[in-house]
Amino acid sequence: MQKKKALLLMNLGSPDSTSVKDVRRYLNEFLMDPRVIDKPWLARFLLVKGIITPFRAPKSAHAYQTIWTKEGSPLIVLTKQLQAALKELHDMPIEITMRYGNPHPKVAFEKLLQQAPDLDEVILFPLYPHYAMSSYETAVEYVKKEYEENRSRYKFTLTVVPQFFNHPEYIQAMADAMRPYLQQEYDHLLFSYHGIPARHLHQCDQENIPNSVGKPCSESCPVSQHQNCYRYEVYETTRLLTEALRIPANKYSVSFQSRLGKGWLEPFTDKRLEAMPGEGIKKLLIVSPAFVSDCLETLEELAIGGKESFIAAGGESYTFIPCMNTNPTWVNAIGNIAAITKPAAIQAG
Ligand SMILES: C=CC1=C(C)c2cc3[nH]c(cc4nc(cc5[nH]c(cc1n2)c(C)c5CCC(=O)O)C(CCC(=O)O)=C4C)c(C)c3C=C
Ligand SMILES: [Fe+2]
Ligand SMILES: [Fe+2]
């Protein structure tokens with residue numbers, strides 16, 4: 001008999017509203033995660049509740065106000081739209097869950113069980129192409145915790161889809177999303193990835209490797225050591241995309257955005273945007289392949305803030321390439337990456 005499967009899409013999550021109170025609650029939950037701020041509990045508590053959140057919550061609330069829609073946070077709305085698009089393609093229960101805020105994995109599991117009480121398998125699809133302790137790993141561990149703690153209720157197996165930074169279907173869907181924008185005249189294409197503290201990188205990238213900071217790991221350590229290495233993975237995504245799109249080496253570069261504190265991966269996107277016009281780069285394209293759905297970090301930080309600083313520094317044109325969101329190639333790719341799409345039937349004759 002065929003196994004009854006369900007798909008669970010997982011993303012980072014947003015505050016419930018743009019009020020400072022809701023943003024404060026969200027930031028506290030987010031930043032008290034030890035996989036995000038990797039300090040002992042008391043030090044983390046004092047730093048987050050005493051310094052970061054009080055200062056950041058009003059600023060973040062304002063940033064969210066600039067991108068919020070009638071239906072809510074773009075990240076949540078777009079993840080729901082992705083769920084709806086996938087339901088058109090796959091006859092199976094599909095729900096969404098978030099690492100911070102709502103909906104909690106428990107709520108998502110219950111919704112799946114309501115639709116299929118005899119469920120055999122839930123396939124968890126973290127919507128992160130790259131592995132980072134602060135994104136993919138914490139999301140998976142959060143769902144696993146809920147699953148393990150309630151095994152008597154959850155009789156199904158839980159299968160986790162690995163990060164897909166080099167999966168041909170992801171690369172093809174990203175290339176398809178980027179291709180129309182490359183028709184316009186541009187001086188440079190900037191790949192801006194969400195940053196992380198360099199100390200969060202996989203061990204092969206530690207500072208004892210000469211010249212490793214800010215460089216592709218492949219320059220400094222054996223490829224066999226790169227399992228779950230964020231920097232290696234983002235440079236691989238970049239290499240595969242630029243090969244697929246035939247973008248010459250002198251036309252693109254990589255940078256890291258959204259830093260919070262010292263020692264984050266370099267070069268920094270905001271510094272590059274300020275410097276580029278002075279280096280003769282006047283027409284810029286910018287893309288952010290670490291995000292599959294548009295969110296605060298793409299809409300507010302890149303599409304609005306990044307543009308302002310590039311133009312203020314002397315840039316002439318700045319085009320942000322939106323995330324894949326519900327692009328048909330991407331919706332189709334998810335089925336193949338998660339292995340829920342049935343292999344095409346072999347045609348007789
Ligand atoms: C792409 C994956 C992500 C990684 C890796 C990541 C690491 C990381 N983030 C913070 C701090 C913040 N990030 C914030 C927003 C945010 N981050 C991601 C993804 C990754 N973060 C997304 C998709 C979003 C947008 C959420 C939305 O609602 O649209 C925020 C909140 C907003 C703000 O105040 O800037 C913080 C804070 C750290 C510290 C970190 C690694 C250690
Ligand atoms: Fe983040
Ligand atoms: Fe590495």
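Mentor: What follows takes the labels one by one, for a model that is predicted.

Trainee: How do you know whether the radius of gyration of the protein agrees with that of a compact globule?

Mentor: For 349 residues the globule rule gives a radius of gyration near 20 Å, and the protein has 21 Å, so the value agrees with that of a compact globule. The C-alpha atoms, taken along the principal axes, fill a box of roughly 65 × 65 × 45 Å.

Trainee: What makes a residue count as buried, and what percentage of the protein does so?

Mentor: The test is that 20 or more other C-beta atoms lie within 10 Å of the residue's own, and 40% of the 349 residues count as buried.

Trainee: Then let us take helix 6; which of its residues are buried, and why are they said to line one face?

Mentor: In helix 6, which covers residues 168–178, the buried residues are Tyr 170, Ile 171, Ala 173, Met 174, Ala 177 and Met 178. Viewed down the helix axis they fall within an arc of 165°, and therefore they line one face of helix 6. As background, an α-helix has 3.6 residues a turn, so residues three or four places apart point the same way. The buried residues of helix 6 pack against helix 7 (230–245), strand 7 (283–287) and helix 10 (328–337).

Trainee: What do the buried residues of helix 5 pack against?

Mentor: Helix 5 (residues 133–149) has Met 133, Ser 134, Ser 135, Tyr 136, Ala 139, Val 140 and Val 143 buried. Their packing partners are strand 1 (5–11), strand 2 (94–98), helix 4 (105–115), strand 3 (121–126) and strand 4 (157–160).

Trainee: Which domains does the assignment give, and how far apart are their centres?

Mentor: The domain assignment gives domain 1 as 5–163 + 332–337 and domain 2 as 168–320, with 24 Å between their centres, taken over C-alpha atoms. Their contact takes 21 residues from domain 1 and 20 residues from domain 2. On the domain 1 side, the elements giving two or more residues are helix 2 (41–67), helix 3 (74–89), helix 5 and helix 10, and helix 3 provides the largest share, five residues.

Trainee: How do the residues on that side of domain 1 divide into nonpolar, polar and charged?

Mentor: The side of domain 1 that touches domain 2 has 14 nonpolar residues, seven polar and no charged.

Methods. Residues numbered from 1 in each chain as written. Chains lettered and ligands numbered in written order. Predicted model: local features only at pLDDT ≥ 70, side-chain atom pairs only at ≥ 80, totals over all residues. Buried ≥ 20, exposed ≤ 12 C-beta atoms within 10 Å, placed from the backbone. Helix = DSSP H or I, 4+ residues; strand = E, 2+ residues; numbered from the N terminus. Arc of directions from axis to C-beta. Contact = placed C-beta atoms within 7 Å. Rg over C-alpha atoms; globule rule 2.2 N^0.38 Å. Domains from an automatic or database assignment. Nonpolar A, V, L, I, M, F, W, Y, C, P; charged D, E, K, R; others polar.
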